Each structure stands twice: as structure tokens, then as C-alpha cells.
Amino acid sequence: MAEMRGQKVEVNGINIHYEKIGNGSHVVLLLPGALGTSRTDFNEILEGGLDATKFTLIAWDPPGYGFSRPPERNYDKNVYRTDADLAAALMKTLGYNFYSVIGWSDGGKTGVFLASTYPAVVDKLIVWGVVSFGLPHTNRAFEATRNMSFWDPAIKKRFTDVYGDDLEPMWNKLVADCFKHAIGQGVIIEQSVVEKIQCPAYVMHGDKDPMVAVEHAQYLNKHLCDARLKRFPQASHNLHQTCADEFHKIVTNFLLFE
């Protein structure tokens, strides 16, 4: 099993695990995806992808994931809003009042709600792989992930190292709960939520993502007040891992110079 590399702090009655890397003046909060942790999702970034002399990186395990267990993950229709509130409270507890947010997949949804609800604390927002509304293709692809024999072996190992034999039942519960409470609701991120975001935003999309159609990225790009869209023609859902060098260059330039 994976060794805990960070530390825990109590936030709103929950012991949240997080890692802090770097001592740069630009603080960045990293929000992982479904079942994701600081290391399963952001190891490449934390191990030198972003310059630790320029950035201070805070990566968390959301409640119910990784080393932020217990509690058991509570997937209701407000789960991403709840995560956004908790993530903002974590940063306040750690003494950070202004920072950028990087989130992908489910963490991207959390990032959107965080930037919308707490505009005064978010400098810039970067998201990718975000499902904002239900689409038949997306739903079918997501349902197909229950069969873990199709998972990339390297990706599956990252999660098995954290969850062991609990991985498959946890994933099956996650998929079922998402259809019941999130995808089943049709719209996950309302247009009004996106339009409240005031900070500059960068939306990315992997054109070979089997689960997230480009319409989702275009939706965010259209309704954000200050956005740019970058498509990776050869990338899938985890573009930050498969196109790491290009991703790190884009992120660094956007956060520091744009």
C-alpha cells in the first residue's frame, strides 16, 4: 500500500490529507479526479513538473478518498459544491487567502464551484476533463469503466496501491452514485455558476477522451468571462500525464505571465 507523504489537518470536523510542495510566491491548489489523491493524479506535477521555487503547490485528497478516510465518500447532488466549500476552508486553515486552482475530471467540477462561490480568493483557474451535463455518449462510456480489465494497467496500479482490494467496490459505488445523484440530474454545472467566475481561466481538452466530449470544454469556454481553450489532438482524459511536458509549459506560462 502507498505510504502517506503529506500530513493531515482538521477542516470542518474532517481530517483532510494534503501535501505541500515548493516555496514559490504563486500558490496553487490541485484538485484530483474521481477516487483521486495527491499522488495518483498529480505525481508528475509534484515531482518537478512545476518549478518549486516559483510555486507553492497544495494537493489534497478529497473527503472519502485516499488518506482522507474516514469518512466514507458521500455522493449526493451537492457533492462538488461541498468539496469546493471544504477546499476553500482547507486553504484558509493553511493561511492562504489568494491562490490559483488546477482541477481535472471531478476535481475540475470542484474547481469551477470554488471559483464561482469564492471569487475573491481565486487568482486563475485551469480545468480539463470536466463533465458539465449528461450526454448519452458520456453516460455509456462512464458505465463501461466498471469493467476494470479495460483500465490502463499503469493507472490502475496507482489506485490499487492506495485502495487495494477496496478499489473495485469503491469504483462501482462511485459510478452508481454518480448516475443516481449527478449525471442523472442532467445538468451538473449550471450556466449561472460558470458565469459568476471572474478570474482568467484555461480550459483544456483531450480530443481522444472516451468519456468527455469536446462539447463540455466548449460549454465552459463559452460561458466563462475570460477563458481560452486548448485542445490536445492526441490526448485522452488524463492529458496532464500523457502530455506532461507540454501541459507543464502551458500551465507555467498561463499562471505566471498571462
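## A salt-bridge network

Both Glu47 and Arg5 are exposed (exposed means over 50% relative accessible area, buried under 20%, partly exposed in between; 1.4 Å probe, protein chains only). This is a predicted model: local features need pLDDT of at least 70, side-chain atom pairs count only at pLDDT 80 or more, and totals for chains, interfaces and linings use all residues. Residues are numbered from 1 along each chain as its sequence is written, and side-chain values use heavy atoms, leaving out hydrogens and water.

Glu47 and Arg5 form a salt bridge, with their closest N and O atoms 3.4 Å apart. The term means a side-chain nitrogen of Lys or Arg within 4 Å of a carboxyl oxygen of Asp or Glu. Glu47 is in helix H1 (residues 38-49), and Arg5 is in the segment before strand E1 (7-11). The two are 42 residues apart, so the pair links distant parts of the chain. Helices (H or I, at least four residues) and strands (E, at least two) are DSSP runs, numbered from the N terminus.

Arg39 and Glu19 also meet in a salt bridge, at 2.9 Å from N to O. Arg39 lies in helix H1 and Glu19 in strand E2 (residues 14-21), so this pair ties together parts 20 residues apart in sequence. Arg39 counts as buried because its relative accessibility is 15%. Glu19 counts as buried too, at 4%. Salt bridges with shared partners join Arg5, Glu19, Arg39 and Glu47 into one network.

The structure holds 16 salt bridges. One of them joins Lys109 and Asp106, with the closest N and O atoms 3.0 Å apart. Both residues lie in helix H3 (residues 106-117), three residues apart, about one turn of the helix. Lys109 and Asp106 are both buried.

## Aromatic pairs

How many aromatic pairs does the structure hold? There are seven. Rings of Phe, Tyr and Trp (its six-membered ring) pair if their centres lie within 6.5 Å; planes under 30 degrees apart count as stacked, over 60 as edge-to-face and the rest as tilted.

Trp104 and Trp128 are stacked, 6.4 Å centre to centre with 25 degrees between the planes. Trp104 is in strand E5 (residues 99-104) and Trp128 in strand E6 (residues 122-128), 24 residues apart. Both are buried. Trp151 and Trp171 pair edge-to-face, at 5.1 Å and 90 degrees. Phe142, Trp151, Phe159 and Trp171 form one aromatic cluster.

## Charges over rings

Arg73 lies over the face of Tyr65, 4.5 Å from the ring centre. Such a charge has NZ of Lys or CZ of Arg within 6 Å of the ring centre and within 35 degrees of the ring normal. The charged end of Lys230 sits over the ring of Phe232, 5.5 Å from its centre.
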